[in-house]
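Please keep the sequence and the model in view while reading.

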Amino acid sequence: MSRIADTFEALQARGRKALIPYVTAGFPFADITPALMHGMVEAGADVIELGVPFSDPMADGPVIQKAGEKALQLGIGLAEVLEMVRVFRQRNSATPVVLMGYANPVERYEQQRGPGSFARDCAACGVDGVLVVDYPPEECEQFGAELRGSGIDLIFLLAPTSTTERMQQVARVARGYVYYVSLKGVTGSGALKTEEVAAMLPRIREHVKIPVGVGFGIRDAQTARAIASTADAVVMGSRIIELIEDQPHERVVGVTIDFLRQIRKALDA
């Protein structure tokens, strides 16, 4: 069983829902990410999603796009992200880490280091899951097999527009959890309607038997609690990026901890 599956099983046994914060690796400072990850765990994070900076992140709104641009300017690429995970693992062997990004950096990494190098190096650094936004389930069987061979879960997105056929495709290949995009749009856009999420999740669960996390548009404790009443996990990204983007270096971790503690408290109430 993977570290992600172990985590969800333990949460279910305790009647808790997973808190999954997202942050772009290397933002807002190139050296801040491992400390920020430890701060997230201290505040109650169960899984950490680490965004791999990319120049054309089509699913991300302006907040995360800006974070990615700054991280790229600071020299953060996929190799640097893996090194951040390796440093995090020196003090934390329990909390799952999921890389979230796009196909281009993964393929460039393999072109430079050889076929299979991405899965191999992710495993060596302590990555537990990978979500590649622009890899549809029907086009990445080999990639999924390489990750499974290295003990890494391949996570997929579903959206309000997903058909029954797409849900069934995802159900066949997804591991760890499925990420339900609660909005028709990019990250951080629009107003999330919790009743629409609650209506969609039973449809997804007819086909998907692993945990379902919900993200995009969750900005406060009240909404997080409402989503957690029906989902297995709450994913928060853009709001965290907004909170830390203008903070001085010494305040970034503390601001994140204070915010996530509010969310954790709401989820556990």
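Helices (H or I, at least four residues) and strands (E, at least two) are DSSP runs, numbered from the N terminus. The model is predicted, so local features need pLDDT of at least 70 and side-chain atom pairs count only at pLDDT 80 or more, while totals for chains, interfaces and linings use all residues. Residues are numbered from 1 along each chain as its sequence is written, and side-chain values use heavy atoms, with hydrogens and water left out.

**Sheet**

- Nine strands form an open sheet in the order β5-β4-β3-β2-β1-β9-β8-β7-β6, with parallel pairing; two strands pair if DSSP finds at least two bridges between them.
- β5 (153–154) and β6 are the edge strands, each with a single partner, so one side of each has no neighbour in the sheet.
- Strand β1 (residues 18–24) pairs with strand β2 (residues 48–51) in the parallel sense over 3 bridges.
- Val23 has Leu50 of β2 as its bridge partner.

**Helix contact**

- Helix α4 (residues 78–89) and helix α5 (residues 103–113) have axes that come within 10 Å and cross at roughly 95 degrees. Axes are lines fitted to C-alpha atoms, for helices over the stretch in contact, and angles run from 0 to 180 degrees between N-to-C directions.
- α4 and α5 are therefore roughly perpendicular to each other (65 to 115 degrees).
- Leu78, Ala79 and Leu82 of α4 meet Pro105, Val106, Tyr109 and Arg113 of α5, contact meaning heavy atoms within 4.5 Å.
- By class, the residues of this contact are 6 nonpolar, no polar and 1 charged. Ala, Val, Leu, Ile, Met, Phe, Trp, Tyr, Cys and Pro count as nonpolar, Asp, Glu, Lys and Arg as charged, and the others, Gly among them, as polar.

**Pocket and cavities**

- On a 1 Å grid over the protein atoms alone, a cavity is a set of points where a 1.4 Å probe fits but cannot get out; a pocket is an open set with protein on both sides within 12 Å along at least five of seven lines; lining residues have an atom within 4 Å of a point.
- The largest pocket has a volume of about 350 Å³, a volume being the space filled by probe spheres set on the points.
- Among the 23 residues lining the largest pocket, Val133, Leu157, Leu158, Ala159 and Arg166 are the closest to its centre.
- β6 gives the most to this lining, with 3 residues.
- The second largest cavity has a volume of about 100 Å³.

Methods: Angles under 35 degrees count as roughly parallel, over 145 as roughly antiparallel, 65 to 115 as roughly perpendicular and the rest as oblique.
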